[in-house]
Number of protein chains: 2
Amino acid sequence: VLLIKIGGGKNLNWEGIGRDITVILGDEPVIVIHGANAFRGGLACRLGHTPRTVVSPSGVPSVYSDDAAMEVFLMAYPGVVNTRLVAALRRSGVDAVGLSGVDGGLWVAKAKKAIPVRDGGKTRLLEGNLSGRVDRVNSRLLRGLLDLGFTPVISPPALSEEGEVLNTDNDHAAALTAASLSITRMVSLFEAPGLLRDPDDEASLVPRIPGRDLESFREFARGRMQRKIMGAAKALELGVRSIYWGDGRGPHPVLDALEGRGTVIE
Amino acid sequence: VLLIKIGGGKNLNWEGIGRDITVILGDEPVIVIHGANAFRGGLACRLGHTPRTVVSPSGVPSVYSDDAAMEVFLMAYPGVVNTRLVAALRRSGVDAVGLSGVDGGLWVAKAKKAIPVRDGGKTRLLEGNLSGRVDRVNSRLLRGLLDLGFTPVISPPALSEEGEVLNTDNDHAAALTAASLSITRMVSLFEAPGLLRDPDDEASLVPRIPGRDLESFREFARGRMQRKIMGAAKALELGVRSIYWGDGRGPHPVLDALEGRGTVIE
């Protein structure tokens, strides 16, 4: 099984990704995990709920999710983006089934009601947050769908043990999902050629990172790219052997990534 | 298998429905099909897209779906309402999996791009409509999920043969879904005790309708209730034997309906 994680940008080539997946399905089953951050952000503004980005004490940004933000999240992730992506993949000939982490208890997360945030020079606790990290994957539904020949297409939210719907870090959830199915190869697509030493210079691509050196590359990573590095480290720790980062905007996003044209971590 | 169709009102007792389903699951598998009309309507207003209701020449109202309306539709149906319903059912102990008619090619509909509408005294064609009636159900995904012990929870949209996402009549889709699985008993819950001779008088409940007399009861049905009568007629035509209409607001919506406390059609 190949796990393909797709970012939430607005310039991804869904058609090309769909075509690539049909090629890969000739050899092995595929699971897709995707984001919807750009759509969510635009929708939140239209609804007058500007997303509130908070920064953790270690400098990693994330979106604070109160009830209103969670409603917008559901509209964007399992609502518009997942449904349109499943329809696009089906048009490419992929027998896709859309899921969220709630379905079949797939992603169980621990709610982190109060989050430490950097506020000026100080750290304080922000309450009422509806997010949490996936700490258990219930792969029974995925195995069942793969056995039937379907391609699962998964988006957040996750569900807490208490049954609350939670925003969750997709890179971490992808690592645990891969581990739950003993997946050894993952592709991660976003709107850049791979990890760049200089985010403003696409020629500064890092072609290969040995897993043991991953942490040292966090210095090149800005913003959300830091989460991708942490997610990749988690995936390697849990048994994934090769992670292919690639450009989701090109003509063959998945096949190019697998051929090592982005950043390969192993 | 018992098929439970739930309307899109805002006063339904989800918790009671969840409790009832856990009781029924002791005897037989369950499939849920639900709407989200009230939520969709409120959201459309918040986004400045007031839903446009059109009336067919035979007097049946429906919502005209252009691109913008379809986006709001996806936010409401597979987005907020389906995900929250699956989470609520899981909190009740139901191993629920949310689906839309797009997933696994479940509901294939024929797009009705131009719809005849009554405009004053005349009938004219309205173009650019993204809706259509389900004419084929691909039950493979449902059978697979039921075999694995999951409870599928389905909402529109459907998918056209060309892969377009379409709004669709839920009562008609429910009838075809029942037929595709040789289901003989259906429950339909909404915000009324059943079919009323006088919509403003809950004491005017019609307790029983022989299937052959169903058409004659269309005179009592106002607005969307007409679709329920047409959907029930379709279900009977396709082999369903008993249809239980009941009040989704009560303490035991499903069990009360099955005990004949609403309107029983057979």
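**View 1. Elements of both chains line the largest cavity of this predicted model.** Chain A supplies at least two lining residues from each of α3 (67–91) and β5 (96–100). Chain B does likewise, again from α3 (67–91) and β5 (96–100). The largest share comes from α3(B), with four residues.

**View 2. The largest cavity has a volume of about 150 Å³.** Of its 16 lining residues, those closest to the centre are A:Pro78, A:Gly98, B:Pro78, B:Asn82 and B:Gly98. The lining divides into six nonpolar, eight polar and two charged residues. In total, the structure holds three cavities of 30 Å³ or more.

**View 3. Chain B superposes on chain A by a rotation of 180 degrees.** The shift along the rotation axis is 0.0 Å, and the RMSD is 0.0 Å. This is the relation of a two-fold axis. Both copies use the same surface: 100% of the contact residues of chain B recur in chain A.

**View 4. Eight strands of chain A form an open sheet.** Their order is β5-β10-β2-β1-β13-β15-β16-β14, and the pairing is mixed.

**View 5. Strands β1 and β13 of chain A run parallel.** Five bridges join β1 (residues 2–6) to β13 (residues 185–190). A:Ile4 stands opposite A:Val187 in β13(A). Helix α1 (residues 14–24) of chain A packs on the sheet, where it touches β1, β2 (30–34) and β13 of chain A. The direction of α1(A) makes about 175 degrees with that of β1(A).

Conventions. Residues are numbered from 1 along each chain as its sequence is written. Chains are lettered from A and ligands numbered from 1 in the order in which they are written. This is a predicted model: local features need pLDDT of at least 70, side-chain atom pairs count only at pLDDT 80 or more; totals for chains, interfaces and linings use all residues. Side-chain values use heavy atoms; hydrogens and water are left out. On a 1 Å grid over the protein atoms alone, a cavity is a set of points where a 1.4 Å probe fits but cannot get out, and a pocket is an open set with protein on both sides within 12 Å along at least five of seven lines; lining residues have an atom within 4 Å of a point. Grid points are joined across faces, edges and corners, and a volume is the space filled by probe spheres set on the points. Ala, Val, Leu, Ile, Met, Phe, Trp, Tyr, Cys and Pro count as nonpolar, Asp, Glu, Lys and Arg as charged, and the others, Gly among them, as polar. Copies are superposed by least squares on the C-alpha atoms of residues with pLDDT of at least 70 in both. Contact means heavy atoms within 4.5 Å. Two strands pair if DSSP finds at least two bridges between them. Axes are lines fitted to C-alpha atoms, for helices over the stretch in contact, and angles run from 0 to 180 degrees between N-to-C directions.
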